[in-house]
Amino acid sequence: GFNEAFVIDRSTRDKLISADPNSAEIIKPFVVGKDVKRYSINSRDTYIILTKIGTPIERYPAIFAHLQRYQEQLEKRWDKGSHWWELRSCDYYSAFEQPKIIYPDIAAHCNFALDTDGIYSTNTTYMIPVDPSQRYLVPILNSSLIEFFYKTISAFIRGDYLRFFTQYVIQIPIRRIAFTTQEQERVALTQEALALFNSQQHAELLHFIEARLTSQAEQSDVVQEILTYLAEQQLTNNQQRKAALEDLLLDLESGLSETDLKRLDRLWTPPDQEKIKADEEAQKKFAEAQEHLGVLATRILSLDEDISFLNEEQWKWLLKKRLGKPDLVALTKTYRKYQPAIASLDQRISSTDRLIDQIVYRLYGLTEEEIRVVEGV
């Protein structure tokens with residue numbers, strides 16, 4: 001009802017905990033829908049003060065003093081707890097603390113991530129409580145097959161964004177897993193499969209999976225173990241990419257103004273096609289972009305998502321366009337220092353995504369023709 005009081009940044013959190021260590025008990029990590037990506041949650045160091053109904057506020061004097069600054073506004077809320085400092089009632093607070101799959105309510109693609117850190121979130125997200133055996137759902141839900149299916153049932157809003165409302169999500173078909181393989185054999189087969197993956201023998205791994213699915217009895221539980229492992233790999237890959245990107249941004253921050261940093265958030269926006277047809281200046285601008293960016297000229301390019309696709313000359317051209325007279329020596333050195341690592345991680349993420357897609361196709365029994373339909377070939 002009044003986010004300004006309850007949703008805080010890291011600096012405020014640290015001050016409250018420094019003033020009273022008990023404050024840490026009811027300050028929880030907090031995200032919104034746009035923070036949830038495929039396999040990962042990009043926390044913005046935002047937190048929520050979780051004063052549930054019945055919270056003994058006298059135990060948290062620093063937090064009470066913080067909330068008192070907003071007492072007038074908090075008292076006016078129509079949706080609150082028994083006291084002005086409390087959040088409203090909620091039947092599923094405990095679910096936030098448990099392992100769960102979390103996803104945004106609006107997204108261009110399937111963005112499902114596993115959370116085991118007790119993250120809380122706004123109503124721009126939804127969640128599916130899971131136990132350890134259900135972690136394989138994350139790669140299935142993020143697969144090309146499920147996204148292809150989901151686009152046939154979901155409502156679309158502005159710019160072809162999908163709506164991930166429960167009424168649509170519950171229609172996603174989940175392959176039943178036959179837990180029939182003896183544990184010792186399942187462990188041995190899983191280790192064999194992971195050895196193939198870690199040695200980059202993807203074709204051999206797919207043949208191995210086909211053998212498991214045609215075995216008598218079916219050994220889909222081994223495939224489940226493989227998908228769970230690949231989901232963990234994608235989580236690690238994305239965490240490493242996030243760390244590498246943060247290093248890049250910190251380096252840029254040391255040499256650029258806040259205004260220039262914001263300009264680099266969006267590196268390139270192609271002119272509207274209608275404008276290109278009608279405006280000679282827009283035609284020249286787009287032709288120049290095509291000369292330097294090639295096929296990338298038709299895409300919106302952002303620093304965080306697209307740095308790995310840019311070669312050094314493209315990076316310098318975009319800097320000139322966005323910043324006017326940038327320090328190309330320093331900024332090119334920054335590019336050389338961080339871009340290769342980010343590009344390598346993006347390649348690893350993409351490669352693992354393609355492998356997951358191929359495994360999911362086999363798990364769901366798709367024919368070669370059906371795969372071509374899903375992939376639009």
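Visitor: In which loop does Q200 lie?
Guide: This is a predicted model, in which local features need pLDDT of at least 70, side-chain atom pairs count only at pLDDT 80 or more, and totals for chains, interfaces and linings use all residues. Residues are numbered from 1 along each chain as its sequence is written, and side-chain values use heavy atoms, with hydrogens and water left out. Helices (H or I, at least four residues) and strands (E, at least two) are DSSP runs, numbered from the N terminus. Q200 lies in the loop between α9 (183-198) and α10.

Visitor: Is Q200 buried or exposed?
Guide: Q200 is not a glycine, although its phi is positive, about 65°. Buried means under 20% relative accessible area, exposed over 50%, and partly exposed in between (1.4 Å probe, protein chains only). Q200 has a relative accessible area of 57%, so it counts as exposed.

Visitor: How many helices and strands does the protein chain have?
Guide: Start with the whole chain. Its C-alpha atoms fill a box of roughly 65 × 65 × 40 Å along the principal axes. Of the 377 residues, 46% are buried. The secondary structure comes to 18 helices and 12 strands.

Visitor: Among contacts between residues at least 6 apart in sequence, what share joins residues at least 24 apart?
Guide: Contact means heavy atoms within 4.5 Å. Take the contacts in the protein chain between residues at least 6 apart in sequence. The share that joins residues at least 24 apart is 67%.

Visitor: What is the volume of the largest cavity?
Guide: Rolling a probe the size of a water molecule over the atoms shows where empty space is left. On a 1 Å grid over the protein atoms alone, a cavity is a set of points where a 1.4 Å probe fits but cannot get out; a pocket is an open set with protein on both sides within 12 Å along at least five of seven lines; lining residues have an atom within 4 Å of a point. Grid points are joined across faces, edges and corners, and a volume is the space filled by probe spheres set on the points. One cavity of 30 Å³ or more is counted, and the space in the largest cavity is about 90 Å³.

Visitor: Which helix supplies the largest share of the lining of the largest cavity?
Guide: The lining is made of Y39, L114, R135, V138, T228, A231, E232 and L235. Ala, Val, Leu, Ile, Met, Phe, Trp, Tyr, Cys and Pro count as nonpolar, Asp, Glu, Lys and Arg as charged, and the others, Gly among them, as polar. By class there are five nonpolar, one polar and two charged residues. The largest share, four residues, comes from helix α11 (residues 220-255).

Visitor: Is Y39 buried or exposed?
Guide: Y39 lies in the loop between β2 (27-31) and β3 (46-49). Its phi is near 75°, a positive value in a residue other than glycine. Its relative accessibility is 3%, so Y39 counts as buried.

Visitor: Which residues make the contact between α2 and α3?
Guide: Two packed helices are described by the angle between their axes and the distance between the axes. Axes are lines fitted to C-alpha atoms, for helices over the stretch in contact, and angles run from 0 to 180 degrees between N-to-C directions. The axes of α2 (residues 10-19) and α3 (residues 61-68) come within 8 Å and cross at roughly 130°. The contact is made by T12, L16 and A19 of α2 and, from α3, A62, I63 and H66.

Visitor: Which strand gives the most to the lining of the second largest pocket?
Guide: The second largest pocket holds about 710 Å³ of space. It has 24 lining residues, and the closest to its centre are I48, R88, S121, T122 and N123. The lining has 15 nonpolar, six polar and three charged residues. With three residues, the element that gives the most is β8.

Visitor: Which residues does R88 touch, not counting those up to four places away in sequence?
Guide: R88 sits in the loop between α4 (71-75) and α5. Its relative accessible area is 39%, so R88 is partly exposed. Leaving out residues up to four places away in sequence, R88 touches I53, D79, K80, G81 and Y93.

Visitor: Where is the cis peptide bond that involves A217?
Guide: A217 lies in the loop between α10 (202-214) and α11. The bond has omega near 0°. This cis peptide bond runs from Q216 to A217.
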